[in-house]
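Let's take a walk through this one together. Keep the viewer open and turn the model as we go.

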Amino acid sequence: MSAQIGQLDPATAQARLRPWPRRAAPIPAHEYGQRIERARALMRAHGVDALLIGAGASLRYFTGVPWRASERLVAMLLTAAGEPLLICPAFEEGSLDAVLALDAGKRLWEEHEDPYARVAQAMAERGARTLALDPGAAFAVHGGLRAHLDAAAIVDAGAIVDGCRMCKSAAELALIQQACDMTLEVQRLAAGIAREGIGSDELARFIDQAHRALGADDGSTFCIVQFGHATAYPHGLPGVQHLREGDLVLIDTGCTVHGYHSDITRTWIYGRPGDEQRRIWALERAAQAAAFDAVRPGVACEDVDAAARRVLEAAGLGPGYRLPGLPHRTGHGCGLAIHEAPYLVRGNRTALQPGMCASDEPMIVVPGRFGVRLEDHFHVTADGAQWFTPPAEAIDRPFA
């Protein structure tokens, strides 16, 4: 057994769980103002008069409000001039004030009132005719707006939102870095406590507790723990598995720090690997490296995906999404959402730019037998890419 796998008893692992000592600073107040002005510049470029951002990751991005969407409309209305306006239930005003990170006006509505009328009224007061709607908004929001606005006046705000959120600031990169560092440490400890017979549920509970102990916002944001043949399913199988000698172990997990996500996958062997397990693991690592090496400003997202697939296809896997091979895209953006633009996938000609962040995870699936996924995230630099976490070294040495 490797010195990185199965070498820790649970008590020793627990003793290593202390609050993270190098904590990144929250997003500074002035950066929210910069985001608002960037959104206004994109609104002008796309010829729209107003922008409506509903509760969720984008509202947090622009205002600091971390609320999730519900049936009650909570949103920011931004127009070409004037302060941003928060549309919010009146009874939530105090809670809103406690989390709002920028100066903004408010348009409050009572429970029996129509919040979409507040949006339309504010637009009319400011001479705004066209409205770019948050692409993450529910269809019910679109329906509520159509009661007051011409349907043709409501357009998709995707280009504006992605244009703001895709390229991360230094403050955002620092928060992602801390989240990644914490999750990598949790991955190390989880591998350390592996033992024959341990349940996938026990490992998942430990991973959640470890994230909490290190200081993540709210434990694990997600956790996939799969053994043996279950690793052949990219997002696993339901039920509890128990670890056996010779099983591959796939753990995919992450956390958030001030809302910014980590997302790291390690696949390793419990015991001695077979020749085919070792070969597929090495191909996965080579494909991940090829994708990383392809990253530089100006390169299209789909070209990074293609670089990983060339490695696999040269070894007789695929082609395309055919199995054995890579059944999904090579990577996804990550920030305030676990999956966000840019996506490293065929057909996406978006040009990479400094500050963009994405996963690199060209998983290999051998149907009915096993799968190998290695996932680390990078950010684009002026002349290439930089890892947030060092990639795995070998099938029995999952940590550098």
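Is glutamate 71 buried or exposed? Glutamate 71 is exposed, at a relative accessible area of 67%. The scale behind that word runs from buried (under 20% relative accessible area) through partly exposed to exposed (over 50%), using a 1.4 Å probe and protein chains only.

A quick word on ground rules. You're looking at a predicted model, where local features need pLDDT of at least 70 and side-chain atom pairs count only at pLDDT 80 or more, while totals for chains, interfaces and linings use all residues. Residues are numbered from 1 along each chain as its sequence is written, and side-chain values use heavy atoms, with hydrogens and water left out.

Back to glutamate 71, whose side chain meets that of arginine 72 in a salt bridge, at 3.8 Å from N to O. The term covers a side-chain nitrogen of Lys or Arg within 4 Å of a carboxyl oxygen of Asp or Glu. Arginine 72 is partly exposed, with a relative accessible area of 28%. By the salt-bridge rule, the model has 24 of them. Another pairs glutamate 113 with arginine 118, and here the closest N and O atoms sit 2.8 Å apart. Glutamate 113 counts as partly exposed, at 28% relative accessibility.

Now for a pair on a helix. Helices and strands here are DSSP runs, numbered from the N terminus (H or I, at least four residues, for helices; E, at least two, for strands). Arginine 309 and aspartate 305 join their side chains in a salt bridge, 2.8 Å from N to O. The two residues are four apart in helix H11 (residues 301–314), so about one helical turn separates them. Arginine 309 is buried at 5% relative accessibility, and aspartate 305 is buried too, at 2%. Elsewhere, salt bridges link Glu31, Arg35 and Glu172 into a network.

Stay with H11 and look at what it packs against. Helix H10 (residues 275–294) and H11 have axes 8 Å apart and pack at an angle of about 150°, which makes H10 roughly antiparallel to H11. For these values, axes are lines fitted to C-alpha atoms, for helices over the stretch in contact, and angles run from 0 to 180 degrees between N-to-C directions. Angles under 35 degrees count as roughly parallel, over 145 as roughly antiparallel, 65 to 115 as roughly perpendicular, and the rest as oblique. The crossing of H10 and H11 is right-handed, meaning that the near helix is turned clockwise from the far one by less than a right angle. On the H10 side you'll find Leu283, Ala286, Ala287, Ala290, Ala291 and Ala294, meeting Val304, Ala307, Ala308, Val311 and Leu312 in H11. Contact, here and below, means heavy atoms within 4.5 Å. Sorted by class, this H10–H11 contact has 11 nonpolar residues, no polar and no charged ones. In that sorting, Ala, Val, Leu, Ile, Met, Phe, Trp, Tyr, Cys and Pro are nonpolar, Asp, Glu, Lys and Arg are charged, and the others, Gly among them, are polar.

Arg35, Arg38, Ala39, Leu42, Met43 and His46 in H2 meet Ala159, Ile160, Gly163 and Cys164 in H7. This H2–H7 contact has six nonpolar, two polar and two charged residues.

Most residues other than glycine have a negative phi, and most peptide bonds are trans. Glycine 318 and proline 319, however, are joined by a cis peptide bond, with omega about 5°. The bond from leucine 323 to proline 324 is also cis, with omega near 0°. Proline 319 is in the loop between H11 and strand E12 (331–333), and proline 324 is in the loop between H11 and E12 as well. Histidine 258, which isn't a glycine, has a positive phi of about 50°. You'll find histidine 258 in the loop between strand E9 (256–257) and strand E10 (260–261), partly exposed at 35% relative accessible area.

Last stop: proline 89, in strand E3 (residues 85–89). Proline 89 is buried, with a relative accessible area of 1%. Leaving out residues up to four places away in sequence, proline 89 touches Arg72, Leu73, Val74, Leu108 and Trp109. The C-alpha atoms of proline 89 and leucine 108 are separated by 5.4 Å, with the two residues 19 apart along the chain.
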